[in-house]
Amino acid sequence: QVQLVESGGGLVQTGGSLRLSCTVSGFIFSINTMGWYRQAPGKERTLVATIGSGGSTNYADSVKGRFTISRDNHKNTVYLQMNTLRPEDTAVYYCNARVSNYLELDREHWGQGTQVTVSS
C-alpha cells in the first residue's frame with residue numbers, strides 16, 4: 001500500500017558529502033513526520049534527523065552542524081544532505097515516515113535502507 005524508496009548512498013572519503021533521498025508512494029492522505037535513522041554493524045538503529053510536516057527539525061547531537069534534513073511535500077520526498085562525513089557515520093541509513101490514509105492513521109513505515117560508507 002505504502003512504499004518508501006531510498007537512494008543516494010555510496011562510498012565517500014572522510015570529509016566528503018552525500019545526499020540521500022526517500023520518496024513515499026502509494027495510497028496517501030497525508031504524511032506527518034519524516035526522518036532518517038541509521039544502523040551500524042553490531043549496533044542498534046538510532047535517530048539521525050526528523051522533520052515535521054510544518055518543517056520543524058530535530059537532529060542527533062553527533063550530526064548537528066554537518067547534516068541537514070529537508071522535505072518536498074509536493075513530491076512526498078525527504079532528503080538528508082550529509083557534509084563533512086566521518087568514518088563513524090558509516091551505517092545503513094533508513095528512511096521513516098508516518099503516513100495516514102483510509103486504512104491507517106499516522107502509521108510508521110520504513111524504507112529498505114541504503115548503505116553509506118565513509119573511508120578514512
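Biologist: Which residues form one aromatic cluster?
Modeller: Rings of Phe, Tyr and Trp (its six-membered ring) pair if their centres lie within 6.5 Å; planes under 30 degrees apart count as stacked, over 60 as edge-to-face and the rest as tilted. On that basis one aromatic cluster consists of Phe27, Phe29 and Tyr102.

Biologist: What pLDDT do side-chain atom pairs need in order to count?
Modeller: Residues are numbered from 1 along each chain as its sequence is written, and side-chain values use heavy atoms, with hydrogens and water left out. The model is predicted, so totals for chains, interfaces and linings use all residues, local features need pLDDT of at least 70, and side-chain atom pairs count only at pLDDT 80 or more.

Biologist: How many residues apart in sequence are the parts that the pair of Phe27 and Tyr102 ties together?
Modeller: The ring rule gives three aromatic pairs. One of them is the edge-to-face pair of Phe27 and Tyr102, with 5.1 Å centre to centre and 85° between the planes. Phe27 lies in the loop between β3 and β4 and Tyr102 in the loop between β9 and β10, so the pair ties together parts whose separation in sequence is 75 residues. Strands (E, at least two residues) and helices (H or I, at least four) are DSSP runs, numbered from the N terminus.

Biologist: Is Tyr102 buried or exposed?
Modeller: Buried means under 20% relative accessible area, exposed over 50%, and partly exposed in between (1.4 Å probe, protein chains only). Phe27 has a relative accessible area of 39%, so Phe27 is partly exposed. Tyr102 has 56%, so Tyr102 is exposed.

Biologist: Over the ring of which residue does the charged end of Arg45 sit, 4.6 Å from its centre?
Modeller: A charge sits over a ring if NZ of Lys or CZ of Arg is within 6 Å of the ring centre and within 35 degrees of the ring normal. Arg45 lies over the face of Tyr94, at 3.6 Å from the ring centre. At 4.6 Å from the ring centre, the charged end of Arg45 also sits over Trp110.

Biologist: Which residue in β8 stands opposite Ser21?
Modeller: Ser21 is in strand β3 and, at a relative accessible area of 17%, is therefore buried. Six bridges pair β3 (residues 18-26) with β8 (residues 77-82) in the antiparallel sense. The residue opposite Ser21 in β8 is Tyr79.

Biologist: Which residue in β11 is the bridge partner of Leu11?
Modeller: Strand β11 (residues 114-119) has Thr114, Val116 and Val118 on its covered face, and Gln115, Thr117 and Ser119 on the uncovered one. In a regular strand the side chains alternate between the two faces of the sheet. β11 is joined to β9 (residues 91-100) by three bridges, antiparallel, with Ala91 opposite Val116. Four bridges join β11 in parallel to β2 (residues 10-13), where the partner of Leu11 is Thr117.

Biologist: What is the relative accessible area of Ile69?
Modeller: Ile69 lies in strand β7. Contact means heavy atoms within 4.5 Å, and leaving aside neighbours within four places in sequence, the contacts of Ile69 include Trp36, Ile51, Tyr59 and Leu80. Ile69 is buried because its relative accessible area is 4%.

Biologist: What is the positive phi of Asp106, which is not a glycine?
Modeller: Asn76, in the loop between β7 and β8, has a positive phi near 50°. Asp106 is found in the loop between β9 and β10 (107-110), and is partly exposed because its relative accessible area is 27%. The phi of Asp106 is about 55°.

Methods:
Two strands pair if DSSP finds at least two bridges between them.
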